[in-house]
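Me: I would like to learn how to read a few features of a model. Please take them one at a time.

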Amino acid sequence: MKTTISNSKTNLAEETVKSDYSTLMKASLLSVSIILTSGTAISATIPNWLKAFPNIARPSVELLSTLPSISVVFATLISTWVAKMIGVKKTVIAGMLIAGIAGITPAFVTNYMLFFISRLMLGVGFGLVNSYAVSMIGMLFSGSERDNLMGIRGSCEKLGSSVTTFVAGELLVAINWHAAFWVYALAFPLTILFAIYVPEPANGVKEEIVEEPEQKVHQKVNGKVIFWTLFCTLYLIPIIASYTRITELVTTKGYMSLGQIAIVLSLAQFGGILTGLLFGRSLKILKFSFLPIMVILTGLSQLMIVMSVSPIIVGLGVICDSTISGLAITYVFNLGPDIAPKNSLNLATSLMIVGCNIGTFLTPLVLGILDEFHVEGDLGFSFAFFGWSLVVIGIVIFVIIKPLSAKNKDEEPEL
């Protein structure tokens, strides 16, 4: 009877917390995720960079496109320590302003070194925001509301990637390649909304300090956090590999034209938005089977691409590959508040983000290794290899998912 009363009080308290935050506050918090996936939004301008820097080697010029991903890793790792000094909210604001200023700098300069530094700093700005765009949802919300907001946040990333790429392309065509970088000015109005409407989390890292006057509580990791960080690294490799090879595959095989695959990739982004909105409800129904099912479906999507000659089936495979993988990664980040050691949510989230970036970095190396094991020109080999691998891995995860996703015992509230 006491337990029932206690549970009722806990649920009532949770509902009270939910009503404290307005829709505008939630929208302002989620909106910062829109800009975080825009690092490669200006990829269409790379040929113009090669003309602008004729005395710079091609690899050095092309490096500018992926450079933000390198500094994102560093900045994500130090974001927790920055937040300890200035607070979570100020860390996000600083990161957004750095991203906005650095992002638009190439709109004014044609100097390679300034271009290089600005792209590097863009990644620093994203890195300071990255982990808190996720973990602040866990700090401020709980239960099904947290699940739903996590799903919407994933949709915001998809929306941001789609919109910023489209806008940058339009600016490139309408004006010039410098103008495409104005797309990063979006960071400024989003920063204003965040600064006005989003509060400093009551359980932010600044308060993760002292229970006793002489003893500090340090953030730490456990086996679950390490496992899911490695999962992010390995899972991102086949996803990024499919993005890398899909255009060449479908155009070389004659399945689609460049225009058609461009439309399919756009639909994949919007598909991610729609499915992300259903994340909370799907998780509630599937529970611990959610992730293994998503991993298996990701593998089947890649197999659809390589085993079919029908443009429709190949297109569906591309769309499913993008949308389902987004749900899988959202699931992993949603585990953070449950699996992270006490007062270590930000560190856990940061490590998972770093894992995703490392997976991105490793993809070209892995593809190069796989190329040694098949006939030259067989572009479908990597899809088949990763497709079957994901199906097998998904089956294995069915067995191990429950203990690795269960809430830590020491984090469960006392009744």
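Me: Which helix holds Ser-382?
Reply: Helices are DSSP runs of H or I with at least four residues, numbered from the N terminus. Ser-382 sits in helix α16, residues 381-405. The model is predicted, so local features need pLDDT of at least 70 and side-chain atom pairs pLDDT 80 or more, while totals for chains, interfaces and linings use all residues. Residues are numbered from 1 along each chain as its sequence is written, and side-chain values use heavy atoms, without hydrogens and water.

Me: Is Ser-382 buried or exposed?
Reply: Buried means under 20% relative accessible area, exposed over 50%, and partly exposed in between (1.4 Å probe, protein chains only). Ser-382 has 4% relative accessibility, so the residue counts as buried. Leaving aside residues up to four places away in sequence, Ser-382 touches Arg-245, Gln-302, Leu-367 and Leu-370 (contact: heavy atoms within 4.5 Å).

Me: How many salt bridges does the count come to?
Reply: Side chains of opposite charge can pair when their charged atoms come close. The rule asks for a side-chain nitrogen of Lys or Arg within 4 Å of a carboxyl oxygen of Asp or Glu. The count is one salt bridge: Glu-157 with Arg-153, at 2.8 Å from N to O.

Me: Where do Glu-157 and Arg-153 lie?
Reply: Both are in helix α7 (residues 143-174), four residues apart, about one turn of the helix. Arg-153 is buried because its relative accessible area is 5%, whereas Glu-157, at 21%, counts as partly exposed.

How values were computed: Helix = DSSP H or I, 4+ residues; strand = E, 2+ residues; numbered from the N terminus.
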